[in-house]
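Colleague: I am new to reading folds. Could you walk me through one, feature by feature?

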Amino acid sequence: MSKSLADVLVHVDQTLSHDRLASLTSAIAALDGVATAEGHDAKPHLVIVTYDPAKVNSQAILAAVKAQGVTAELIGL
């Protein structure tokens, strides 16, 4: 990872169960260049992703979310 990381907030339209949210964050975290993907049961509509923009971009992160069958939008930080 480079020293320059970026953050993006993914707003999920559906209310996800704990297991579904964990599965989604694991899929995002598996992307090359993603440092962390965190979701919390208290706010199941939000996932904070920290990533290396030299390796992956926010649109690829959104595409990975949508590939999991989830409707979502990006909110920049």
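The dialogue below goes from the chain as a whole to its sheet and helices.

Modeller: A word on the source. This is a predicted model: local features need pLDDT of at least 70, side-chain atom pairs count only at pLDDT 80 or more, and totals for chains, interfaces and linings use all residues. Residues are numbered from 1 along each chain as its sequence is written, and side-chain values use heavy atoms, with hydrogens and water left out.

Colleague: How many helices and strands are in the protein chain?

Modeller: Helices (H or I, at least four residues) and strands (E, at least two) are DSSP runs, numbered from the N terminus. Here the protein chain has 2 helices and 4 strands. Along the sequence they follow the pattern β-α-β-β-α-β.

Colleague: In what order do the strands form the sheet?

Modeller: Strands of a sheet pair through backbone hydrogen bonds, either parallel or antiparallel. Two strands count as paired if DSSP finds at least two bridges between them. In this model the 4 strands form an open sheet, ordered β2-β3-β1-β4, with antiparallel pairing. β2 and β4 (72-76) are the edge strands, and each pairs on one side only. Neighbouring strands are turned by 25° against each other on average, direction ignored. Axes here are lines fitted to C-alpha atoms, for helices over the stretch in contact, and angles run from 0 to 180 degrees between N-to-C directions.

Colleague: Which strands pair with β3?

Modeller: Strand β1 (residues 6-12) pairs with β3 (residues 43-51) over 6 bridges. Strand β2 (residues 34-40) also pairs with β3 over 6 bridges. Look at I48 in β3: L9 stands opposite I48, and E38 stands opposite I48 too. A hairpin joins β2 to β3 through 2 residues. H40 has K43 in β3 as its bridge partner.

Colleague: Which strands do the helices touch?

Modeller: Contact means heavy atoms within 4.5 Å. Helix α1 (residues 18-29) packs on the sheet and touches β1, β2 and β3; its direction makes about 170° with that of β2. Helix α2 (residues 58-67) packs on the sheet as well, touching β1, β2, β3 and β4. The direction of α2 makes about 150° with that of β4.

Colleague: Why does the radius of gyration agree with a compact globule?

Modeller: The radius of gyration is taken over C-alpha atoms, and the globule rule is 2.2 Å times the number of residues to the power 0.38. With 77 residues, a compact globule would have a radius near 11 Å; the protein chain has 11 Å, so the two agree.

Colleague: What share of the residues is buried?

Modeller: Buried means under 20% relative accessible area, exposed over 50%, partly exposed in between (1.4 Å probe, protein chains only). Buried residues make up 32% of the 77 in the protein chain.
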